[in-house]
Number of protein chains: 2
Amino acid sequence: MENNRIKYYLERSIALAEDNCQNHKGGPFGAIIVKNDEIIAECGNSVTTTIDPTAHAEVNAIREACRKLNTFDLSDCEIYASCQPCPMCLSAIYWARIPKVYYAADKNDAKDAGFDDSFIYEELEKEEDKRSIRIERLRLPSSSKPFIKWKSMTTKIEY
Amino acid sequence: MENNRIKYYLERSIALAEDNCQNHKGGPFGAIIVKNDEIIAECGNSVTTTIDPTAHAEVNAIREACRKLNTFDLSDCEIYASCQPCPMCLSAIYWARIPKVYYAADKNDAKDAGFDDSFIYEELEKEEDKRSIRIERLRLPSSSKPFIKWKSMTTKIEY
C-alpha cells in the first residue's frame, strides 16, 4: 500500500514534467509536495518562463507549499520529484526540513538529456580552488559583525 | 586595486547583512551582484519575512538580477556574499552561471551563529541511504518519458 501511494505521486510528478515541457513552461521536471496524503503544491520547472535560474520544480513546489501553509517549515510534508533533486533543490529540501524525498529518474538520466546536475554534484565535492568557477574568501575584520548582532538580538525569528 | 574593489563590495554586503537582521528582515546575511562594476542587485536573507526557506541572500540577489537584466544567464556578473554560500546558494550560482564568487565569513562562522550550512555540506557528501532524511528512488518505466519528450522538441528554450 505504502509503495502504491509513492508510485501514484511519482507517476503524477512524471506526467507533470512531461506536460511542463510539452507546453513550453520550462524544463522536463515536476515535483509534488504532500501533507497527510493531500497535495499541497505541484509545480513544474519554470526557469525559462519566469526567467529565474532557481525556479526548479522542487524549489517552486517548496515556495508554493510554504505560501499555502504559511510556514517556512515543511517538516510534516513529503516531496515527490520526477527526477533526483539537484544539489540546489536537495539543499532547499533540507532548509525546508522536508524529511522524506522520493524520486523516479536520476541525475544520470538528467545528464543524458543535457542537464548539469551531476556536474554540480562533482563540483561541490572539490576544494574551492579546484572548482571551475573562481571562489575566493577575503578575511575582513567586520565579517563577524552580522553574527554578533544576530546573537545579541532577543526578538529574532529563528529558522 | 582589484583587491580594494572586492573589499568594497564585501564590506557593503556585510553592512547589508547587519542591517538586515537589525531591521528584522531575516537572517544575518547579505549578497550583492555586480556587472561591469555596477551593482545590479543587493539583497538580504528574507526566509522569515517572505516565508520562503529558499530566500537566502544569494538566491534573492540572483532572482532580482535576472529580473532586472531579463536573463537567466548571469555569466557576465560577480557575486559578493557576507558569508560563504551554503550548498543551495552555491548550486544556484552554478545554475545562474556566475563565474566569480567572493565571500567574507565562512560556514564555521555561520554554524557558530546557529545556521546549518556545514551540516548540509556534510549531508551532501554522504550516500543517500546514510543521510538524516529519507531519500528513496523508485524506478518506474515512465520516468524517462519527460526527457524523451524534451529531446524530441525542436523549439525548446535550453538553459
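This is a predicted model: local features need pLDDT of at least 70, side-chain atom pairs count only at pLDDT 80 or more; totals for chains, interfaces and linings use all residues.
**Figure 1. Chain A on its own.**
Chain A contains 6 helices and 5 strands. Read from the N terminus, its elements follow the order α-β-β-α-β-α-β-α-α-β-α. Its C-alpha atoms occupy a box of roughly 55 × 40 × 30 Å along the principal axes. Of the 159 residues in chain A, 49% are buried. Among the contacts in chain A between residues at least 6 apart in sequence, 44% link residues at least 24 apart.

**Figure 2. The relation between the two chains.**
Chain A is superposed on chain B by a rotation of 180° with a shift of 0.0 Å along the axis, and the RMSD is 0.0 Å. This is the relation of a two-fold axis. Which residue of chain A comes closest to the rotation axis? A:Met88 does, with its C-alpha at 2.1 Å. Of the interface residues of chain A, 100% are also interface residues in chain B, so the copies meet through the same surface.

**Figure 3. The side of chain A that touches chain B.**
The contact involves 73 residues of chain A and 74 residues of chain B. On the side of chain A, at least two residues each come from H1, H2, helix H3 (87–95), E4, helix H4 (107–112), helix H5 (117–125), E5 and H6. H1(A) gives the largest share, 9 residues. By class, the residues on this side of chain A are 40 nonpolar, 13 polar and 20 charged.

Strands of a sheet pair through backbone hydrogen bonds, in either a parallel or an antiparallel way. Strand E4 (residues 100–105) of chain A and E5(B) run parallel and are joined by 4 bridges. Within this pair, A:Tyr103 has B:Arg137 as its bridge partner in E5(B).

**Figure 4. Strand E4 of chain B and its two partners.**
Strand E4 (residues 100–105) of chain B is mostly covered, with 5 of its 6 residues buried. Strand E3 (residues 78–83) of chain B pairs with E4(B) in the parallel sense over 5 bridges. In this pairing, B:Tyr80 stands opposite B:Tyr102 of E4(B). Strand E5 (residues 134–137) of chain A is also joined to E4(B), by 4 bridges, and these two strands run parallel. Here B:Val101 in E4(B) is the bridge partner of A:Ile135. A:Glu136 stands opposite B:Tyr102 in E4(B).

**Figure 5. The surroundings of B:Ala104.**
B:Ala104 belongs to strand E4 of chain B. Is B:Ala104 buried or exposed? B:Ala104 counts as buried because it has 28 C-beta neighbours inside 10 Å, and the cut-off for a buried residue is 20 or more. Leaving out residues up to four places away in sequence, B:Ala104 touches A:Leu138, A:Leu140 and A:Ser143 from chain A, and B:Leu10, B:Ile14, B:Ser82 and B:Cys83 from chain B. B:Ile14 is 90 residues away from B:Ala104 along the chain, yet their C-alpha atoms are separated by 8.0 Å.

**Figure 6. Helix H6 of chain A against helix H1 of chain B.**
Helix H6 (residues 145–152) of chain A packs against helix H1 (residues 2–22) of chain B at an angle of about 10°, and their axes are 8 Å apart. H6(A) and H1(B) are therefore roughly parallel to each other. H6(A) contributes A:Lys145, A:Pro146, A:Lys149 and A:Trp150 to the contact, while H1(B) contributes B:Ile14, B:Ala17, B:Glu18, B:Cys21 and B:Gln22. By class, this contact has 5 nonpolar, 1 polar and 3 charged residues.

Terms used. Residues are numbered from 1 along each chain as its sequence is written. Chains are lettered from A and ligands numbered from 1 in the order in which they are written. Axes are lines fitted to C-alpha atoms, for helices over the stretch in contact, and angles run from 0 to 180 degrees between N-to-C directions. Angles under 35 degrees count as roughly parallel, over 145 as roughly antiparallel, 65 to 115 as roughly perpendicular and the rest as oblique. Two residues are in contact if their C-beta atoms, placed from the backbone, lie within 7 Å. Ala, Val, Leu, Ile, Met, Phe, Trp, Tyr, Cys and Pro count as nonpolar, Asp, Glu, Lys and Arg as charged, and the others, Gly among them, as polar. Copies are superposed by least squares on the C-alpha atoms of residues with pLDDT of at least 70 in both. Two strands pair if DSSP finds at least two bridges between them. A residue is buried if 20 or more other C-beta atoms lie within 10 Å of its own, exposed if 12 or fewer, and partly exposed in between; C-beta atoms are placed from the backbone.
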